[in-house]
Amino acid sequence: MAGVFKVFNRSFSSSASTMAQIKQVTVIGSGLMGAGIAQVAASTGHNVVLVDQNQDILDKSMGNLRKSLQRVAKKKYADDAAGGENFVKDVLGKIQTETDSAKSVLKADLVIEAIVENLDVKRKLFKQLDQAAPQHTIFASNTSSLPISDIATSTKRLDRFGGLHYFNPVPMMKLVEVIRIPDTSDDTFKSLVEFGKANGKVTVECKDTPGFIVNRLLVPYMMESVRLVERGDASPRDIDTAMKLGAGYPMGPFELADYVGLDTVKFIIDGWCEKYPDNPLFQPSAMVNKLVSEGKLGMKTGEGFYSHKK
Ligand SMILES: CCCCCCCCCCCCCC(=O)CC(=O)SCCNC(=O)CCNC(=O)[C@H](O)C(C)(C)COP(=O)(O)OP(=O)(O)OC[C@H]1O[C@@H](n2cnc3c(N)ncnc32)[C@H](O)[C@@H]1OP(=O)(O)O
Ligand SMILES: NC(=O)C1=CN([C@@H]2O[C@H](COP(=O)(O)OP(=O)(O)OC[C@H]3O[C@@H](n4cnc5c(N)ncnc54)[C@H](O)[C@@H]3O)[C@@H](O)[C@H]2O)C=CC1
């Protein structure tokens, strides 16, 4: 689409190769991923507005973000405690919090959505943001498993829509998958790639295909792990040990599921089961469903497949 839109008070044709320079970033959802994305964006010089449903959630997220920054500072400023403290202060100073999502996007060059993995909720949010955000604002979703097109069609800015898929924990994981839909303009796509690189990440490009690259391979592996347990073939602990020591993975699949969050895991399984009803791998997992119904969501609640209580 070759429309004309405003970038920093200048008019550009979206068909010209002039990328929007991204300085102001709004991150919606301040959970595991949103807080990590906000941290990395602010650490790399961007001004960030971090949004969630209420101030209590935001305060808790900012507490976690501060702890994560302190871990980074400890390494980066190993011999310079004052430098480390300044680093943490400077980064925190670049992050504002907000509970009104429409207000949060008024100055945004880029909005990254990292809310719950539910298509209707994401569409409802983007429809509202589309009316509030300036013309030039690019929208991106961090979805793990939903088609970007299904989210983007809730807006009228398909040419300024794409996927930016970060990995957990965002400050440590080096990859960002950049997803384009057929309508994503070249300028939008380039801006998203440049933003990923400006975050200090390696970017890979992928079409809007289920699970993109990493989750297309990771989800079947994790699903097969839970099937092994459900068939009584091996225990979660032995599978985790086997994959760490036999395949060199930093975490086994059950440790990783607890790390990702079993609520998010369940959203992914349920979504893929609905989309691929004939694939036995994506049938609901009784074990995951039981844990979620008991509120055992993994590390975030202190218990999942394992106990994480200190
Ligand atoms: C099986 C059940 C059924 C499943 C159903 C299937 C559903 C499918 C679900 C798919 C989910 C997909 C989600 C998604 O979209 C994509 C993802 O993100 S997948 C997750 C990808 N992530 C990983 O694979 C993580 C693997 N783990 C690791 O790389 C390491 O274990 C980790 C870096 C997390 C921790 O390292 P470790 O050595 O184990 O522990 P330390 O605590 O010593 O940390 C090392 C080092 O790192 C620093 N650090 C760690 N976390 C942070 C942080 N959040 N912030 C800042 N710094 C951090 C820490 O300080 C240490 O630094 P040192 O200087 O070395 O001390
Ligand atoms: N957990 C993981 O390892 C990964 C998750 N993702 C994706 O990132 C997204 C977020 O996942 P997590 O951070 O794990 O979830 P989370 O549950 O930790 O955080 C989600 C946050 O969004 C907030 N929220 C929900 N609806 C909202 C709304 N309408 N407006 C503002 N805030 C809202 C919630 O209050 C919560 O704080 C999902 O799409 C998930 O699939 C992507 C990569 C890895």
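Before the helices are called by number, a definition is needed: helices are DSSP runs of H or I with at least four residues, strands are runs of E with at least two, and both are numbered from the N terminus. Please also bear in mind that this is a predicted model.

Let me start with the chain as a whole. Its secondary structure comes to 12 helices and 10 strands. Along the principal axes, the C-alpha trace spans about 65 × 55 × 35 Å. For 310 residues, a compact globule would have a radius of gyration near 19 Å, and the value of 20 Å for this chain agrees with that. Of those 310 residues, 42% count as buried. Taking contacts between residues at least 6 apart in sequence, 63% join residues at least 24 apart.

I turn now to the domains. The domain assignment gives domain 1 as 4-207 and domain 2 as 216-301. Their C-alpha centres lie 28 Å apart. To the contact between them, domain 1 gives 7 residues and domain 2 gives 8 residues. On the domain 1 side, the touching residues divide into 2 nonpolar, 4 polar and 1 charged.

The feature "domain: 3-hydroxyacyl-CoA dehydrogenase C-terminal" is placed by UniProt at residues 211-307. Here the chain is 61% helix and 0% strand, and the end C-alpha atoms are 29 Å apart.

Next, the two ligands. Which helix supplies the largest share of the shell around ligand 1? The answer is α8, with 8 residues. In total, 31 residues surround ligand 1, and the closest are Ser-68, Ser-144, Pro-169, Met-222 and Pro-250. At least two residues of this shell come from each of α2 (55-76), α8 (214-230), α10 (253-260) and α11 (262-275). By class, the shell around ligand 1 has 23 nonpolar, 6 polar and 2 charged residues. Domain 1 and domain 2 each contribute at least three residues to it.

Around ligand 2 there are 26 residues, the closest being Gly-29, Gly-31, Met-33, Ser-144 and Asn-168. Two elements give two or more residues to this shell, namely α1 (32-43) and α5 (119-132). The most comes from α1, with 3 residues. By class, the shell around ligand 2 has 12 nonpolar, 12 polar and 2 charged residues. Here too, each of domain 1 and domain 2 provides at least three residues.

In α10, 7 of the 8 residues are buried, so the helix is largely enclosed by the rest of the structure. Those buried residues are Pro-253, Phe-254, Glu-255, Leu-256, Ala-257, Asp-258 and Val-260. They pack against α8, α9 (236-247) and α11. Just after α10, Gly-261 takes a positive phi of about 110°.

Now to Asn-142, in the loop between β7 (138-141) and α6 (148-152). Is this residue buried or exposed? A residue is buried if 20 or more other C-beta atoms lie within 10 Å of its own. Asn-142 has 24 C-beta neighbours inside 10 Å and therefore counts as buried. Leaving aside neighbours within four places in sequence, Asn-142 is in contact with Met-33, Ile-37, Ile-112, Glu-113, Ala-114, Leu-164, His-165 and Tyr-166.

I will finish with the backbone. Most residues other than glycine have a negative phi, and most peptide bonds are trans. Against that background, Asn-168 and Pro-169 are joined by a cis peptide bond, with omega about 5°. Phe-212, which is not a glycine, has a positive phi of about 55°. Phe-212 sits in the loop between β10 (202-207) and α8, and with 22 C-beta neighbours inside 10 Å this phenylalanine counts as buried.

Thank you; I welcome your comments.

Note on methods
Residues are numbered from 1 along each chain as its sequence is written. Chains are lettered from A and ligands numbered from 1 in the order in which they are written. This is a predicted model: local features need pLDDT of at least 70, side-chain atom pairs count only at pLDDT 80 or more; totals for chains, interfaces and linings use all residues. UniProt positions are given in the numbering used here, feature names are shortened, and annotations may be inferred rather than shown by experiment. Domain bounds come from an automatic or database domain assignment. Two residues are in contact if their C-beta atoms, placed from the backbone, lie within 7 Å. Ala, Val, Leu, Ile, Met, Phe, Trp, Tyr, Cys and Pro count as nonpolar, Asp, Glu, Lys and Arg as charged, and the others, Gly among them, as polar. A residue is near a molecule or strand if its C-beta atom, placed from the backbone, lies within 6 Å of it. The radius of gyration is taken over C-alpha atoms; the globule rule is 2.2 Å times the number of residues to the power 0.38. A residue is buried if 20 or more other C-beta atoms lie within 10 Å of its own, exposed if 12 or fewer, and partly exposed in between; C-beta atoms are placed from the backbone.
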